[in-house]
Amino acid sequence: MSKNTVLITGGAGYIGSHTAVQLITQGSKVIVLDNLCNSNAEVLNRIHSITGIRPEFVKGDILDRGCLDKMFAKYSIDSVIHFAGLKAVGESTQIPLAYYQNNVTGTLVLCEAMAAAGVKTLVFSSSATVYGEDAPVPYIETMPRGKTSNPYGTSKAMVEQLLTDLCKSDPEWSVALLRYFNPIGAHPSGLIGEDPKGIPNNLMPFISQVAVGKRKELSIFGNDYPTDDGTCERDYLHVMDLADGHLAALGCLSDGGVHIYNLGTGSGTSVLEMVNSFQDVTGVEVPYSFAPRREGDLPAFWADASKAEKELGWKASRTLDEMMADTWNWQSKNPNGYDD
Ligand code: NAD
Ligand code: UFG
């Protein structure tokens, strides 16, 4: 990748920090904009330790137009990778307005500031959730967006539409909508990783917090799904592969318009297989029990990831064993995340 300047909104967060490392390593200049509502400034020290370079950091909010304008005036930004937003599915049903405000209005304000600054290249963090509740597997980009079941998912679908309309209105915009499947794992150094605040909503950080002794046991939500072992199947991919997917997308965004890519491995793994794999790779036991199904969970979905391979030359290459080993390396070295 050529030497260029990339603004990463939400760059102190889980996926943003790994993407920052990969961009810096490839020679880009990185500006991180984050309000730290779900992250810790210590991550910047860790990025520095890994890469030898500290990204420029702006503590600010994507909803703050004045802050965005100042930032675009100060730095000569070529493109934006937009991670900033709220992401807890359950919480989004309790405080929907905060989700629409941050995720939808936040993106709108960001796009207005970008347009004013003449920066029209954007990579957006979308989600497999936009395929909706009734989509057949594997999910493929040619399928329409489906019926979403919570404000978080709806906010992602709304932003996809907003960005599609923007690109139709002005051919100078180039936008990638990256539909992530289930990112897990951590940088192999163990210096950065996923550091959820409070009780983790997601499977992998819950497993690793049980393993490190912070939580007593894992509840597996449902063992009566129509899958091989009765537990839900998801397409887990290594966060380093996901980070690389952003670099690949950025490298191909030159011809205008909206480009949609699934970023996943193309195969599903059940919750029980995840627990067993973690135990096999780490040698650490993860006590679990079966609990009722979690509302809104789908039995099984995974990506058709062939479009990203064909058009971006990107393919998830890290194995499930690496995902487990890197998760444990991070969690065991940082039992309390960045608060250690
Ligand atoms: P994260 O919470 O670790 O990172 C998001 C970052 O954005 C945080 O550092 C937070 O402080 C910041 N932020 C939130 N609102 C902001 C605002 N208004 N202004 C400035 N900063 C703000 O989450 P993540 O897992 O790294 O996810 C990044 C993106 O990817 C999110 O948009 C999320 O919805 C999307 N996504 C994540 C997953 C997943 O499983 N992690 C799956 C699909 C899509
Ligand atoms: N699970 C448990 N116990 C837990 C946590 C999760 O059994 O303590 C199970 C869930 O029931 C599900 C599987 O583990 O079957 C994966 O759950 P996650 O919460 O880790 O992931 P989801 O697939 O539910 O959701 C993720 C992201 C969403 C995104 C969605 C689709 O969190 O943001 O993928 O991309 F919308």
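The largest share of the shell around ligand 1 comes from β5, with three residues. Helices and strands here are DSSP runs (H or I of at least four residues for helices, E of at least two for strands), numbered from the N terminus. Before going on, the basis: this is a predicted model, where local features need pLDDT of at least 70, side-chain atom pairs count only at pLDDT 80 or more, and totals for chains, interfaces and linings use all residues. Residues are numbered from 1 along each chain as its sequence is written, chains are lettered from A and ligands numbered from 1 in the order in which they are written, and side-chain values use heavy atoms, with hydrogens and water left out.

Back to ligand 1. Besides β5 (121–127), the elements that each supply at least two residues of its shell are α1 (14–25) and α6 (151–169). There are 26 residues around ligand 1, and Asp 34, Asn 38, Ser 39, Asn 102 and Tyr 152 come nearest. A residue counts as near a molecule if one of its heavy atoms lies within 4 Å of it. By class, this shell has eleven nonpolar, eleven polar and four charged residues. Nonpolar means Ala, Val, Leu, Ile, Met, Phe, Trp, Tyr, Cys and Pro; charged means Asp, Glu, Lys and Arg; the others, Gly among them, are polar.

Next, the polar contacts, which are pairs of N or O atoms within 3.5 Å; within protein, one must be able to donate a hydrogen and the other to accept it, and residues adjacent in sequence count only if both atoms are side-chain atoms. The side chain of Ser 39 places an N or O atom 2.7 Å from an oxygen atom of ligand 1. A polar backbone atom of Ile 15 is 2.8 Å from an oxygen atom of ligand 1, and a backbone N or O atom of Ile 62 is 3.1 Å from a nitrogen atom of the ligand. The protein buries 95% of the 820 Å² that ligand 1 exposes when taken alone; accessible areas come from the Shrake-Rupley method with a 1.4 Å probe, and for residues only the protein chains shown count as cover.

Now ligand 2. Which residues come nearest to it? They are Asn 202, Leu 203, Ser 219, Arg 234 and Asp 297, out of 22 around it. β8 gives the largest share of this shell, four residues. The shell has 13 nonpolar, six polar and three charged residues. From Ser 219, a backbone N or O atom lies 2.8 Å from a nitrogen atom of ligand 2. The protein covers 90% of the 690 Å² of accessible area that ligand 2 has on its own.
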